[in-house]
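Reader: I've got a structure open and I'd like to learn how to read it. Could we start with how helices pack against each other?

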Amino acid sequence: MFFLDPNYLIYMIPALLLMSLTSWYVKSSFAKWSKVRARSGLTGAQAAQKLIQTAAYSIENGAALRDVRVMGIGGSLSDNYDPRTKTLNLSPEVADQPSVASIAVAAHELGHALQDADNYFPMRVRTFLVPAVNIGSNLGWVLILAGLLLKITGLAWAGVWIFSAGALFALATLPVELNASSRAKRLLVESGIISGEDEQRGMNTVLNAAALTYVAGLITAILQVLYYVNLVGGRRR
Ligand SMILES: [Zn+2]
């Protein structure tokens, strides 16, 4: 119903463009650097294993990494760390290729495992927000619609507040992602798995491109909230 509102398009078209652009940039950066073979000769999975072994002895709380298992997962760029099962799930391109891009992505996911190991606060906040986001994206919408139709402004505003949990989640995601990447960069350079200026440039390009998608996600979430604020606020006039 809101999709028929021309105002919705004014808010969402820039968001959609931004999301497509950043997603294209991530894919092309990954594609470019996945053709560059790393001098260490390690695949993403091997690099992750090696980092788990070395980190276990060399960094604070690194010992907790010994429980982390490296597993395969289907799909493209579907890589993730699952804190519930303590598994690093790597896609085939990342797990099996000895490229700069694969190593960078695998190390980023390991960065999340390290955050989990030292109870990194923004990660806890983000996990705490997950149920709120799941409820908020559906309930928020229903309350806004009901509030507008029944002309109960308070109800509509409650919906906007609940819906805002999505933007809060996107905001909490940023430090988590940036921190995972900075941990990855440091681990890879210190361990010598990534060496030389060219490889470091590739690693930085791939990881910074990924970070941009989270910035785009945050902007989109904020635009959505602004649209609803405008929709509900505008009805009173
Ligand atoms: Zn991440």
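Reader: How do the axes of helix α4 and helix α7 cross?

Author: Two packed helices are described by the angle between their axes and the distance between the axes. In this predicted model, helix α4 covers residues 100-117 and helix α7 covers residues 165-191; their axes come within 7 Å and cross at roughly 115°. That angle makes α4 roughly perpendicular to α7. As for handedness, the crossing of α4 and α7 is right-handed.

Reader: Which residues in α4 and α7 meet?

Author: On the α4 side, look for I103, A104, A107, H108, L110, G111, H112, L114 and Q115. They meet V176, N179, A180, S181, R183, A184, L187 and L188 in α7. Sorted by type, the residues of this contact come to 10 nonpolar, six polar and one charged.

Reader: What about α5 and helix α6: are they roughly parallel or roughly antiparallel?

Author: The axes of α5 and helix α6 (residues 153-163) come within 7 Å and cross at roughly 160°. An angle over 145 degrees counts as roughly antiparallel, and α5 and α6 are therefore roughly antiparallel to each other. Their crossing is left-handed.

Reader: And which residues in α5 meet those in α6?

Author: From α5 you have G136, L139, G140, W141, L143, I144, A146, G147 and L148. Their partners in α6 are T153, L155, A156, A158, G159, V160, I162 and F163. This contact divides into 12 nonpolar and five polar residues, with no charged ones.

Reader: Next, cores. How many residues does the largest nonpolar core have?

Author: Here's the general idea: in soluble globular proteins, nonpolar side chains tend to be buried together. In this model the largest nonpolar core has 43 residues. Those with the most contacts inside this core are A48, I103, A104, A106, A107, L110 and V206. The elements giving two or more residues to the core are α1 (6-33), α2 (44-58), β3 (87-90), α3 (92-96), α4, α7 and α8 (196-234).

Reader: Which element gives the most to this core?

Author: α4 does, with 11 residues. If you leave aside its neighbours within four places in sequence, A104 is in contact with A184, M203, V206 and L207. There's also a second, separate core of 16 residues, and L143, I162, F163 and A165 are among them.

Reader: Let me step back a bit. How many helices and strands does the protein have?

Author: Eight helices and three strands. Going from the N terminus, the elements run α-α-β-β-β-α-α-α-α-α-α. The C-alpha trace spans about 65 × 35 × 30 Å along its principal axes. Of the 237 residues, 40% count as buried.

Reader: How do I tell for a single residue? Say S99: is it buried or exposed?

Author: Count the C-beta neighbours: a residue with 20 or more others within 10 Å is buried. S99 has 24 C-beta neighbours inside 10 Å, so it counts as buried. You'll find S99 in the loop between α3 and α4. Beyond its neighbours within four places in sequence, S99 is in contact with W33, S34, K35, V36, R37 and A38. Look at V36 in particular: S99 and V36 are 63 residues apart along the chain, and their C-alpha atoms are separated by 5.5 Å.

Reader: And where is A132?

Author: A132 is in helix α5 (residues 121-149). With 16 other C-beta atoms within 10 Å, A132 is partly exposed.

Reader: What is phi of K151 near?

Author: Phi of K151 is near 60°, again a positive value in a residue other than glycine. K151 sits in the loop between α5 and α6. With 9 C-beta neighbours inside 10 Å, K151 counts as exposed.

Key
Residues numbered from 1 in each chain as written. Predicted model: local features only at pLDDT ≥ 70, side-chain atom pairs only at ≥ 80, totals over all residues. Axes fitted to C-alpha atoms, helices over the stretch in contact; angles between N-to-C directions. Helix = DSSP H or I, 4+ residues; strand = E, 2+ residues; numbered from the N terminus. Parallel < 35°, antiparallel > 145°, perpendicular 65-115°, else oblique. Left-handed = near helix turned anticlockwise from the far one by under 90°. Contact = placed C-beta atoms within 7 Å. Nonpolar A, V, L, I, M, F, W, Y, C, P; charged D, E, K, R; others polar. Core = buried A, V, L, I, M, F, W, Y, C linked by C-beta atoms within 7 Å. Buried ≥ 20, exposed ≤ 12 C-beta atoms within 10 Å, placed from the backbone.
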